Amino acid sequence: MAQHVLVTGGAGYIGSHACKALARAGYVPVTYDSLVTGWRDAVKFGPLEEGDLSDRARLDAVFARWQPVAVMHFAALSLVGESMKNPGLYWRHNVLSSLTLIEAACAAGCLDFVFSSTCATYGDQDGVVLDETTTQAPINAYGGSKQAIEMILRDFEASHGLRSVIFRYFNVAGADPEGEVGEFHRPETHLVPLMLDAIDGKRPALTVYGSDYPTKDGTCIRDYVHVSDLVDAHVLGLQWLQAGKGSEVFCLGSGTGFSVREVIAQSKAVTNRAVPIVEGARRPGDAAVLVSGSTKAIRDLGWAPKRSDLTTMIADAWRWHQSGHYER
C-alpha cells in the first residue's frame, strides 16, 4: 500500500518538484496549498487539498482522510524585503501557521517531519562557508520566522516525539529536466528567471544591484542549488526519518557560489543571447558573499547534487522558461 506524504506548498516552485520526486520514489504526495501563490496546474503527481495552514479543522480533516506517514513543509512567505516592511505578516503566516500544522500532525500521530528552512537563519555572515554548526543570527523577519519554526520542532520532539529533518539553503534555480514543472512566480523576484525575462524581452533589462563589492568582479556572490537536487535531498531526509534515525539539520549548497556577473555570462553562453543590464545601487543589507557547504548532507544522507552546476541550472530554467507557465 502506497504511503501518503502531506506536502504543504506543493503547488509552488519547490513543492511541485518535491511532489514529483516523492512520486518517483514510490510515495503519494498529497498537496496542501491555499493557491494564493501556488498554481493548480503545478499539482500533477498526487491529489490536491486546498486549504489554509491556519485552518486547524481543515488540517485535521486532511490528516484523517489521507493518514500521511510524514509531512514535508514548504509553504511560507519568503521575500526578505517584504518581511522587513511587514514583519507581523511573516510571524503570523509562517510561524503561527506552522505551529498549527505541527500541532495537527502530532494530534494525528504523524511524527516524521521534513522542514524546508533557510540559510537566512544565519544572518549576515559575509565570506564564511556556512554549515550546521554556524551560529544562527537572523537579521530579518523571514530568517527569524524560519528559526522560530526550527525551535518549535525541537520543542515538540521533547514533548510529543516529533522527529524532524531540517534543510537550510540559499537560492534555488533550474527546473524539472523533463519540463513537467518549473519556476513561475507572479511577481518574479529571483535572479535567473528575471535574467531570462530580460533576454526574452519580457522586461527591459536586468538590474545589477551594486558593482563595487569586494569580490573578483565587484558583484555579490550567492549560492545556488538546482531544484531537482534540492528535492532529492528532501526525499533522502524523509527516508532518514523512516529508517528510525534521529532528528538532524543539513545545509545544502555549493560551498563556493557564483557572482551575479558569472550568472549573466553563463546565461549568454547557454542561450546565445546577450542579457540587457542596467547598473543599480547596492541594496541595503546585501552581503558581499553568502555561501553554504553541504559536506554533512553528502556524507550522512548520501546526497549527490548532480545538476547544481551553473550551466545545467540555467539550461533547465531556459528550457522551461520558453514554454512553461501555469494558469490559475
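**Charges.** I counted 30 positive and 37 negative side chains in the chain, where Lys and Arg count as positive, Asp and Glu as negative, and His and the chain ends are not counted. The centres of the two sets lie 2 Å apart, each charge being placed at NZ of Lys, CZ of Arg, CG of Asp or CD of Glu.

**Basis.** I noted that this is a predicted model, in which local features need pLDDT of at least 70 and side-chain atom pairs count only at pLDDT 80 or more, while totals for chains, interfaces and linings use all residues. Residues are numbered from 1 along each chain as its sequence is written, and side-chain values use heavy atoms, with hydrogens and water left out.

**Overall build.** I found 10 helices and 15 strands in the chain; these are DSSP runs numbered from the N terminus, helices being H or I with at least four residues and strands E with at least two. The radius of gyration is 19 Å, close to the 20 Å that the globule rule gives for 328 residues, so the chain is as compact as a globular protein of that length. That radius is taken over C-alpha atoms, and the rule is 2.2 Å times the number of residues to the power 0.38. Along the principal axes, the C-alpha atoms fill a box of roughly 55 × 40 × 40 Å.

**Cover and contacts.** I read that 54% of the 328 residues count as buried (buried is under 20% relative accessible area, exposed over 50%, partly exposed in between, with a 1.4 Å probe and protein chains only). Of the contacts with a separation of 6 or more, 78% join residues 24 or more positions apart; contact means heavy atoms within 4.5 Å.

**Helix H6.** How many of the 10 residues of H6 are buried? Nine are, in a helix that runs over residues 191–200. Among the buried ones I listed Leu-191, Pro-193, Met-195 and Asp-197. Their cover includes strands S8 (171–173), S9 and S11 (224–226), and helices H8 (260–271) and H10 (310–323). Just after H6, Gly-201 takes a positive phi of about 80°.

**Asp-212.** I located Asp-212 in the loop between strand S9 (206–209) and strand S10 (221–222). Asp-212 is exposed, at a relative accessible area of 53%. Beyond neighbours within four places in sequence, Asp-212 is in contact with Gly-218 and Arg-282. Its side chain makes a polar contact with the side chain of Arg-282 at 2.9 Å (a pair of N or O atoms within 3.5 Å; within protein, one must be able to donate a hydrogen and the other to accept it, and residues adjacent in sequence count only if both atoms are side-chain atoms). I also checked Lys-202, 10 residues away along the chain: its C-alpha atom is separated from that of Asp-212 by 28 Å.

**Positive phi without glycine.** I noted Leu-35, with a phi of about 65°, in the loop between strand S2 (28–33) and strand S3 (48–50). Leu-35 is buried, at 13%. Gln-67 has a phi of about 45° and sits in the loop between helix H2 (56–66) and strand S4 (70–73). Gln-67 counts as exposed, at 62% relative accessibility.
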